[in-house]
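I opened this entry to record what I looked up in the model. The notes follow in the order in which I took them.

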Amino acid sequence: MSETPFDKVLDASGLNCPMPVVKARREVRSLEPGQVLKVISTDRGSVKDFQGWAKVDKKVDLVGQESEPPEDPVTYIHYVQLAK
Amino acid sequence: MSTKTAAGTEWSVEDLHAKLTGAKDFFVFDVRAEDEFEAWKIEGKKVLPTVNVPYYEMLEFDEFDDVADSFKAFLEAGTAHKLPRDVPILAVCAKGDTSEFVAEALRRLDFDAFNLTGGTAAWGDFYDVKSVDVAESTICQISRPARGCLSYVVVSEGKAVVIDALRHVEQYVSLAKDKGFEIELVLDTHGHADHISGGPELAARLGVPYHLHPYDGIHPIDVLPATIGYSYLRDGQAFTVGGKTLETLHIPGHTLGNAAFLWDGKVLFTGDSIFIESIARPDLGGHGETWAPLHYASLRRLLELPAATMVLPAHFSGLGEAGNGGLFVATLGELTRDNEGLRMAQKSEEEFVAYILASLPKFPDEYVEIKRVNAGLLEVGESKASELELGKNICALAQAYEDEAGS
């Protein structure tokens, strides 16, 4: 169902806050500028946290978010791009 | 709801409640996202010194294996100078995981810091019970302090009625078991907009009747009938509980089916009509202008009751409204004098309606959905229910929330 292209995947399933953002922040910095990290999380709070983080971190852009299944989500996916 | 308390470095939600209602000062360091913090924060009897720094802003110097060291590096770079050293600091986040690292980082900088176990989620679901013996019966006021919601169990001769049961129905079941009384009736004063009622579920679990006024069995905005099972409540209807009588007063205004209950002619459960410091708003059904005059007539009717009548409302807007013993209660006479909304209700209908329509706080979007859930028109799981109920009720007029808005 994903239409957002990505270059690397970080599976943060089962990890509690703050680890999904902490790991994503480290991982995305290892990419080339413009590349996208797909982060899989099971933490509902990660949706707002990734939005907030991308707003304050000048090195990253949040280029997409998805919840699966849409009606009663258990997985939250974030696409984070290292700024060009 | 009880939560684990780790020795020394954690505050349970019970600890937090005791501190909020106690005399000693403390400081809150809230690391949730800015909009979550703005929407709802921990509040005390007086303004609670609080700072909000979203945790993801504190990762700027993240180069350590231990996240607490990354937070420590951030704090040392500036924020630490703004934090007090003379009072305890409570680190707070949504679930209590991130704030544990923050509290640890603060301790490494020699602050007297603690973590709120379970975070704001646990605080939102915390219940407190206060009891008072009056009119040869026992009245238990069961509250969710974080949300400003009040419910009641009224006991006479071992039999009890539950009024405005909140969502976590095991609270009432276990209270009945602990105190050895039998719940034989469940009532809602109205179809609630700010929280999910525990009434239908509690009644079904116990196999006892659940009553709601039929006007509130229709969703006011969808104009669809409720699918929950309920018995009709009507004006003047009297219920016998133990040795006492509970009388129904239909007082439309906040909702069309709004009701109050008078216990033994002495204690008035006002639901969402008269609160301690304010009165209920008439617009949560989407018809504020047409319902405000009904509200006026209903309040005038309640004002005819004796001044000594004890008023027990369904909401409060601040912990400071509690009186001796922590109970949210006042006499009708006191409220007639001190409650601004009730003072306005003693003026002309025109003046009252103009006042109330100029005093409406924001109408939270989720209130329409919560009414759907309460009518059985929408089913939600635990996490969605918890999300819908997040934050403090906004069922009173705007003046009730002004202290917080200015802080």
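**Helix packing and chain contact**

Helices here are DSSP runs of H or I, at least four residues, numbered from the N terminus.

The model is predicted: local features need pLDDT of at least 70, side-chain atom pairs count only at pLDDT 80 or more, and totals for chains, interfaces and linings use all residues. Residues are numbered from 1 along each chain as its sequence is written, with chains lettered from A and ligands numbered from 1 in the order written.

I then looked up the geometry. The axes of helix 3 (residues 67-76) and helix 4 of chain B come within 8 Å and cross at roughly 60°.

I listed the residues in contact (C-beta atoms, placed from the backbone, within 7 Å). From helix 3, B:V67, B:A68, B:F71, B:K72 and B:L75 meet B:F101, B:V102, B:E104, B:A105, B:L106 and B:R108 of helix 4.

Next I turned to the interface, where 18 residues of chain B are in contact with 14 residues of chain A. Helix 2 (34-39) and helix 4 (98-108) of chain B each give two or more residues to that side of chain B.

Last, I checked confidence. The predictor gives the complex an ipTM of 0.92 and a pTM of 0.91.

How values were computed:
Contact = placed C-beta atoms within 7 Å. Axes fitted to C-alpha atoms, helices over the stretch in contact; angles between N-to-C directions.
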